[in-house]
Number of protein chains: 2
Amino acid sequence: MTAVTGTIRNGVNTDTMFATLDLIKTQPELARFQFRATNRWIDGAHNRSTIKGFYAAGGEDTTRTDEFELDAGEPAILLGIDTGPNPAEYLLHALAACLTTSIVYVAAARKVELTSVESTLTGDIDVRGALGVDPEPRNGFERIGVSFRVTGNAPEEKLREVVERAKARSAVYDMVTNGVPVAVEVATD
Amino acid sequence: MTAVTGTIRNGVNTDTMFATLDLIKTQPELARFQFRATNRWIDGAHNRSTIKGFYAAGGEDTTRTDEFELDAGEPAILLGIDTGPNPAEYLLHALAACLTTSIVYVAAARKVELTSVESTLTGDIDVRGALGVDPEPRNGFERIGVSFRVTGNAPEEKLREVVERAKARSAVYDMVTNGVPVAVEVATD
């Protein structure tokens with residue numbers, strides 16, 4: 001290791017990580033971020049989000065060079081033509097991705113070298129709610145199941161502690177389990 | 001219109017839609033769906049979900065021919081190399097996509113022909129929570145703002161009613177605002 005390249009563990013530069021944490025500790029105002037997505041309806045269940053700009057650490061980000069495009073859809077049974085995963089599937093992906101990255105970062109900080117992190121997520125839903133057929137079932141998933149397989153150069157107990165800490169810190173796990181206030185504005189011209 | 005092609009409004013076959021709703025009303029057990037995502041860590045903040053199979057209407061779906069792959073990442077300031085939108089941005093997309101599809105379907109059912117549905121979503125977050133620097137800020141977004149612009153062949157009041165009904169029926173809006181029970185299992189071998 002040299003001061004220039006830093007220590008890379010699990011693909012994470014831990015020198016940069018600890019420097020970032022120290023900076024935010026001394027200047028907490030730098031911790032204010034805002035992420036964004038812009039969405040446009042195309043046809044039927046097909047719509048597309050564009051994601052690029054965000055606010056971070058006291059200013060608008062200028063490092064992202066390309067925008068990301070995400071296409072949503074529905075399968076035939078939900079009246080679409082499979083133009084992309086459906087919104088509820090995207091939510092499962094968001095949760096899987098956030099827990100996984102949290103596991104990888106926590107492991108890097110705790111000197112655990114991971115060899116694999118795999119997960120399968122399931123969401124059970126009674127679509128009578130979202131389709132407006134019956135007011136009783138909730139609109140969203142009744143429950144989400146997450147099954148992780150995590151391997152690395154640490155005893156089982158330490159790997160389980162890493163997953164627990166990741167759950168306790170994951171942004172999307174917090175939002176999906178606890179909910180977030182959402183304010184919707186509408187313009188019609 | 002013919003009985004074969006059905007009435008298409010906003011890209012939605014409303015004959016199929018009403019037939020589906022009638023079927024689920026008489027056989028509510030067909031409303032039980034399960035969606036899934038499988039995720040695999042690649043390196044650092046880069047992980048990928050694969051989405052294909054789901055359970056619907058009494059059996060495993062066989063209509064989806066291709067699997068969807070979604071890559072997640074983080075920007076440099078969050079220790080990644082922009083291999084994809086980050087998990088919190090994916091959550092914003094899931095919410096935008098679900099509200100938009102709900103608007104399109106509700107409008108189709110209510111004989112409103114839409115000309116455009118656009119939205120911008122913002123999520124404000126103090127990253128001290130997710131980074132574990134300070135236990136006080138929550139890990140996820142403190143609030144999400146959704147700004148819709150909806151146009152179509154209906155008076156403003158009717159367009160606003162469509163958006164209200166879509167909010168009241170959206171699966172992801174329900175989950176993001178109210179939360180969902182999430183059960184996490186871990187294997188380490």
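**Exercise 1. Size up the interface between chain B and chain A.**

Solution. Chain B and chain A together bury about 11,200 Å², buried area being the accessible area (1.4 Å probe) that two parts lose on being put together, summed over both. Carbon and sulfur atoms carry 61% of it. On the chain B side, B:Phe35, B:Trp41 and B:Leu79 lose the most area to chain A, together 7% of what that side buries. Next, take the residues. The contact (heavy atoms within 4.5 Å) draws 125 residues from chain B and 125 residues from chain A.

The model is predicted: local features need pLDDT of at least 70, side-chain atom pairs count only at pLDDT 80 or more, and totals for chains, interfaces and linings use all residues. Residues are numbered from 1 along each chain as its sequence is written, chains are lettered from A and ligands numbered from 1 in the order in which they are written, and side-chain values use heavy atoms, with hydrogens and water left out.

**Exercise 2. Find the symmetry that relates the two chains.**

Solution. Superpose by least squares on the C-alpha atoms of residues with pLDDT of at least 70 in both copies. A rotation of 180 degrees, with 0.0 Å of shift along its axis, places chain B on chain A (RMSD 0.0 Å). That is the relation of a two-fold axis. The same surface serves both copies: 100% of the contact residues of chain B recur in chain A.

**Exercise 3. List the charged links across the interface.**

Solution. Apply the salt-bridge rule: a side-chain nitrogen of Lys or Arg within 4 Å of a carboxyl oxygen of Asp or Glu. The rule finds 10 salt bridges between chain B and chain A. One of them joins B:Arg32 to A:Asp126, with the closest N and O atoms 4.0 Å apart. Then ask which element contributes. Helix α2 (residues 87–109) of chain B gives the most to the side that touches chain A, with 16 residues. Helices are DSSP runs (H or I, at least four residues), numbered from the N terminus.

Key:
Helices (H or I, at least four residues) and strands (E, at least two) are DSSP runs, numbered from the N terminus.
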